[in-house]
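Me: I have a structure here that I have not looked at before. Can you walk me through it?
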Amino acid sequence: MGFESIMAIYIVLLGPPGAGKGTQAKIISEKMFLPHISSGEIFRENLSKKTELGNLARKYINRGELVPDDITTGMIKKRLSRDDCRNGALLDGFPRTVSQANSFDEFLAIDHKKVNVVPYIKVSDEILIERLTGRWTCPVCGHVYHEKFNPPQKPGICDFDGSDLYQRDDDKLETVQNRIRVYINQTQPLIDYYRNKGVLVEINGENNIQMVTEELLTAIQERIA
Ligand code: AP5
């Protein structure tokens with residue numbers, strides 16, 4: 001086993017849609033100098049560029065369903081093989097099924113690597129719906145706002161680059177409700193999967209953004225020290 005494989009750190013942020021995974025991943029990846037790998041963001045980039053992958057994924061995303069495992073796993077393995085991930089990565093939105101988690105473990109094991117810590121951000125359903133239907137995102141830098149909980153300085157405009165903010169197509173109420181159902185059926189089993197591996201740590205995602213960041217950083221540092 002080489003030095004590189006001993007040092008690599010893989011963090012998987014687990015939680016329902018709207019738990020704050022993307023918000024926290026942006027902050028933590030910068031603090032820990034780890035690339036933020038968001039399966040949802042990679043899909044959305046491909047949707048907007050109308051690539052073959054984007055066209056394949058569109059119908060699933062617009063219905064709030066999961067994109068098939070083979071497509072998603074192939075896409076993430078390709079992204080993780082890039083040079084910036086040699087010291088690990090912070091994953092947001094992947095894995096999302098037990099089959100994806102098994103494939104990911106097998107992929108890491110080839111280089112004697114493993115998932116080190118899985119913070120599970122817990123938030124109740126009523127809060128999730130309010131968060132997702134009030135979310136606004138910057139199309140250029142990806143910064144995420146909320147009209148009530150985390151508003152930009154000028155409504156509709158990104159604080160960082162002045163771009164017009166947009167609302168995601170899959171944040172309509174019916175699609176959000178389906179995404180929560182899909183999460184319960186297909187992603188919740190990962191809680192036990194990672195608990196049984198001894199890497200799961202529960203985080204209270206109902207606190208404000210700064211408090212969640214502090215709890216996450218403490219939990220991650222304790223487990224990778
Ligand atoms: P994806 O983009 O991954 O969506 P998601 O998991 O549903 O998560 P979200 O991005 O909606 O929420 P989040 O937890 O990141 O919350 P955020 O920080 O934005 O996936 C989209 C789709 O792609 C899927 O439905 C599927 O079709 C497909 N896909 C992706 N990965 C896949 C996979 N592995 N397999 C198959 N298909 C896949 O926060 C939400 C809002 O709350 C924001 O407005 C924010 O400002 C606010 N907020 C955040 N934290 C707080 C807080 N503590 N207090 C108050 N407000 C807060």
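Reply: We can go through the ligand site and then some helix pairs. This is a predicted model, in which local features need pLDDT of at least 70 and side-chain atom pairs count only at pLDDT 80 or more, while totals for chains, interfaces and linings use all residues. Residues are numbered from 1 along each chain as its sequence is written, and side-chain values use heavy atoms, with hydrogens and water left out.

Me: OK, how many residues surround the ligand?
Reply: 36 residues surround the ligand, counting a residue if one of its heavy atoms lies within 4 Å of it. The closest are Thr-23, Ser-39, Glu-65, Arg-135 and Arg-179.

Me: Switching to helices. At what angle do H3 and H4 pack?
Reply: About 115°, with the axes of H3 (residues 39-48) and H4 (residues 52-63) 8 Å apart. That angle makes H3 roughly perpendicular to H4, a term that covers 65 to 115 degrees. The crossing of H3 and H4 is left-handed.

Me: Which residues make that contact?
Reply: From H3 they are Phe-43, Asn-46 and Leu-47, and from H4 they are Leu-53, Gly-54, Ala-57, Arg-58 and Ile-61. Contact means heavy atoms within 4.5 Å. By class, the contact of H3 with H4 has five nonpolar, two polar and one charged residues.

Me: How do the axes of H5 and H6 cross?
Reply: The axes of H5 (residues 69-80) and H6 come within 10 Å and cross at roughly 30°. This makes H5 roughly parallel to H6, the term for angles under 35 degrees. The crossing is right-handed. H5 brings Asp-69, Thr-72, Thr-73, Lys-77 and Leu-80, and H6 brings Ser-99, Gln-100, Ser-103, Phe-104 and Phe-107. The contact of H5 with H6 has three nonpolar, five polar and two charged residues.

Me: Where does H9 meet H6?
Reply: Pro-189, Leu-190, Tyr-193 and Tyr-194 in H9 meet Val-98, Ala-101, Asn-102 and Asp-105 in H6. H6 (residues 98-109) and H9 (residues 189-196) pack at about 35°, with axes 9 Å apart. The contact of H6 with H9 divides into six nonpolar residues, one polar and one charged.

How values were computed: Axes fitted to C-alpha atoms, helices over the stretch in contact; angles between N-to-C directions. Helix = DSSP H or I, 4+ residues; strand = E, 2+ residues; numbered from the N terminus. Parallel < 35°, antiparallel > 145°, perpendicular 65-115°, else oblique. Left-handed = near helix turned anticlockwise from the far one by under 90°. Nonpolar A, V, L, I, M, F, W, Y, C, P; charged D, E, K, R; others polar.
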